[in-house]
Amino acid sequence: MRIAIIGAAGQVGQEFLKHCRREDLVLWDIEDFDVCSFDAVDKSLAGEGSLDLVVNLAAFHNVNACEEEQAKAYAVNA
């Protein structure tokens, strides 16, 4: 089973990875593409070939920044 993890370097992603076999995973993080861009996500998914599961663990969770940048917080987290 091939699983893609979006947000793999984040806090939740790192905890998730502790319970997975790495050879079955495709890992992506903020440097790989903009999670708010449908086209960027679609291109990355299509470029990986066959995936059985995609888990989106990306998050914008700095509370003060989320209050200041509400649109970005919603775009990333929703």
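Some ground rules. Residues are numbered from 1 along each chain as its sequence is written, and side-chain values use heavy atoms, with hydrogens and water left out. Because the model is predicted, local features need pLDDT of at least 70 and side-chain atom pairs count only at pLDDT 80 or more, while totals for chains, interfaces and linings use all residues.

Salt bridges, then. Side chains of opposite charge can pair when their charged atoms come close. Here, a salt bridge is a side-chain nitrogen of Lys or Arg within 4 Å of a carboxyl oxygen of Asp or Glu. How many are there by this rule? The count comes to 4.

Start with Arg2 and Glu48. Their closest N and O atoms are 2.9 Å apart. This pair links distant parts of the chain, 46 residues apart. Arg2 sits in the segment before β1 (3-6). Glu48 sits in the loop between α2 (38-47) and β3 (53-56). Helices (H or I, at least four residues) and strands (E, at least two) are DSSP runs, numbered from the N terminus.

Are these two side chains buried or exposed? Buried means under 20% relative accessible area, exposed over 50%, and partly exposed in between (1.4 Å probe, protein chains only). Arg2 has 31%, so it is partly exposed. Glu48 has 28%, so it is partly exposed as well.

Next, Lys18 and Glu15. Again the closest N and O atoms are 2.9 Å apart. Lys18 is exposed, at 58%. Glu15 is partly exposed, at 42%.

Now Asp24 and Arg21. Their closest N and O atoms are 2.7 Å apart. Asp24 is partly exposed at 21%, and Arg21 is exposed at 53%. There is a network here too: salt bridges link Arg21, Glu23 and Asp24.

On to the pocket. On a 1 Å grid over the protein atoms alone, a pocket is an open set of points where a 1.4 Å probe fits, with protein on both sides within 12 Å along at least five of seven lines. The largest pocket holds about 370 Å³ of space. That volume is the space filled by probe spheres set on the points, which are joined across faces, edges and corners.

What lines it? Lining residues have an atom within 4 Å of a point, and the largest pocket has 18 of them. Ile30, Ala58, Ala59, Phe60 and Val76 lie nearest its centre. The elements giving two or more residues to this lining are α1 (11-17) and α4 (70-77).
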